[in-house]
Amino acid sequence: MASKIASTKSVKNQTALLAAGHWLMLSVAINVGFLLKLIHDGNVRIDWYGLHNSQDNGGHLSSYAEPKPDGQIQNKYINLDHGDPTMYQSYWKQMGDRTDVVISGWQSVSYFSDTKTICWFLEQGFANAVTRLHKLVGNAETGNRHIVVGTGSTQLFQAVLYALCPYDAPEPMSIVSASPFYSSYPLITDCLKSGLYKWRGEVDDFNKEAPYIELVTSPNNPDGSIREAVFNGSGQILVHDVAYYWPQYTPISSRADHDIMLFTLSKSTGHAGMRLGWALVKDEPIAKKMVKFIEISSIGVSKDSQVRAAKIMDVISDSYEDSKTSSESKRFFDYAREEMAKRWSQLREVVNNGQAFSLPTLPVGECNFSHQTFATQPAFAWLKCEHVDDCESFLKKHKILTRGGVHFGSSKKYVRASLIGHDEDYNEFIRKLSLINSVESP
């Protein structure tokens, strides 16, 4: 009798599970069918990339195109919001295996690189490559300075603020910069709501009597201008962001010689994905505090990335210092300078052919490295819409995603557009601007 009851219960359970399965499949079919109908009717557009622009929920991180019914491409979105340096990818592909490195399984086991140095997670090969490249280019003094490596210049910026701001101050240290300033400065400064420091915005609006840190970006992001400190007050502390002081972007006129200088691999060689930056710091106590911040926040910096970066920088230096390798292919900074010159020439030609847009006039100088005379050719275009109040929204209607001027402490009439992306994105940008100019011009 018991066995019959158990058997009956088992059959009922199986039947219930089978019925539930049928209902589940039916529900999925109905919902999929409903969704496909919405898409077919044009009420829903699926973002197959699943990525949204950090500045604008309606944008996309990567360029994409919507297919026409016949399979052709139309309405291609191009994302010029981010400074993703994919322009450099074609050059490094041409270099083949010259930058290849082999990292064995036993390497990078320890946290430590050299416990006898201030920056105990700094690989000596990376430090040597950084010093060598700066000496070659002539863009920064490295003597009597400490190299602090970080996970990109973003972490180094946070480390600098941690190192410079006193713990026992009655109120947070003020952080300021001249407008237009790098849009991430306010976000990085205030993201943790630290009691040590606070973003105060435009330096011209600040009370200079109180202690403060001024961020000097030169060449400047977003507009490419060559910057110096605005004020020289007694309570002023300067941090120089010189990420773009490389010979593909601007003439190298002298060696930068400041107390704190921040560099990043992403804008020097184009390897943003390695997430490496470095600071050249004069004052030893400040360097120690920066190292302490990185120790607390990430327990050091990837050794593997440092090994790869050292190899890449050494390949660049070899191509200029070794007569044999220099004749085998175009050298990196020559290629990059010529590519930026070509893009800026095309952009200015398109802008000058109409009245819809304008670009800033940038300084011309002789480069001590290349011995060429040229105008600064920034990684970004600081584009102004002459007849539209909200340039970012206007360009978005034309499927061009940019970053609006308000993010940089400036007017909505301006946008920052990246010029260091893939060729196809840049060419589409030029094509779209030409079309807009032809329509907007009287």
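Helices here are DSSP runs of H or I with at least four residues and strands are E runs of at least two, both numbered from the N terminus. With that in hand, look at proline 219, which sits in the loop between β6 and β7. The bond joining serine 218 to proline 219 is a cis peptide, with omega about -5°. Another cis bond runs from serine 179 to proline 180, with omega near -5°, and proline 180 is in the loop between β4 and α5. For context, most peptide bonds are trans, and most residues other than glycine have a negative phi.

A word on what you're looking at: this is a predicted model, where local features need pLDDT of at least 70 and side-chain atom pairs count only at pLDDT 80 or more, while totals for chains, interfaces and linings use all residues. Numbering runs from 1 along each chain as its sequence is written, and side-chain values use heavy atoms, leaving out hydrogens and water.

Now to β6 itself. Strand β6 covers residues 212-217, and six of its six residues are buried, where buried means under 20% relative accessible area, exposed means over 50% and partly exposed is in between, with a 1.4 Å probe and protein chains only. In a regular strand the side chains alternate between the two faces of the sheet. In β6, Tyr212, Glu214 and Val216 point one way, Ile213, Leu215 and Thr217 the other, and all are buried.

What does β6 pair with? Strands pair if DSSP finds at least two bridges between them. β4 (residues 173-177) pairs with β6 in the parallel sense over four bridges, and β7 (residues 236-241) pairs with β6, also parallel, over six bridges. Isoleucine 213 is a handy landmark: isoleucine 175 has isoleucine 213 as its bridge partner in β6, and isoleucine 213 stands opposite isoleucine 237 in β7.

Go back to proline 219 and you'll find it in the lining of the largest cavity, along with Asn220, Asn221, Pro222, Gly224, Tyr244, Tyr249, Pro378, Ala379 and Phe380. The search runs on a 1 Å grid over the protein atoms alone: a cavity is a set of points where a 1.4 Å probe fits but cannot get out, a pocket is an open set with protein on both sides within 12 Å along at least five of seven lines, and lining residues have an atom within 4 Å of a point. Volumes are the space filled by probe spheres set on the points, which are joined across faces, edges and corners.

The largest pocket has a volume of about 660 Å³. Of its 30 lining residues, Thr154, Tyr182, Ser184, Lys267 and Arg275 lie nearest the centre. By class, the pocket lining has eleven nonpolar, twelve polar and seven charged residues.

Finally, the aromatics. Rings of Phe, Tyr and Trp (its six-membered ring) pair if their centres lie within 6.5 Å; planes under 30 degrees apart are stacked, over 60 edge-to-face and the rest tilted. The whole structure has 24 aromatic pairs. One of them joins phenylalanine 126 and tryptophan 278, edge-to-face at 6.0 Å centre to centre and 80° between the planes. The pair links distant parts of the chain, 152 residues apart: helix α3 (residues 124-137) and strand β9 (residues 277-281). Phenylalanine 126 is buried at 1% relative accessibility, and tryptophan 278 is buried at 0%.

Terms used: Ala, Val, Leu, Ile, Met, Phe, Trp, Tyr, Cys and Pro count as nonpolar, Asp, Glu, Lys and Arg as charged, and the others, Gly among them, as polar.
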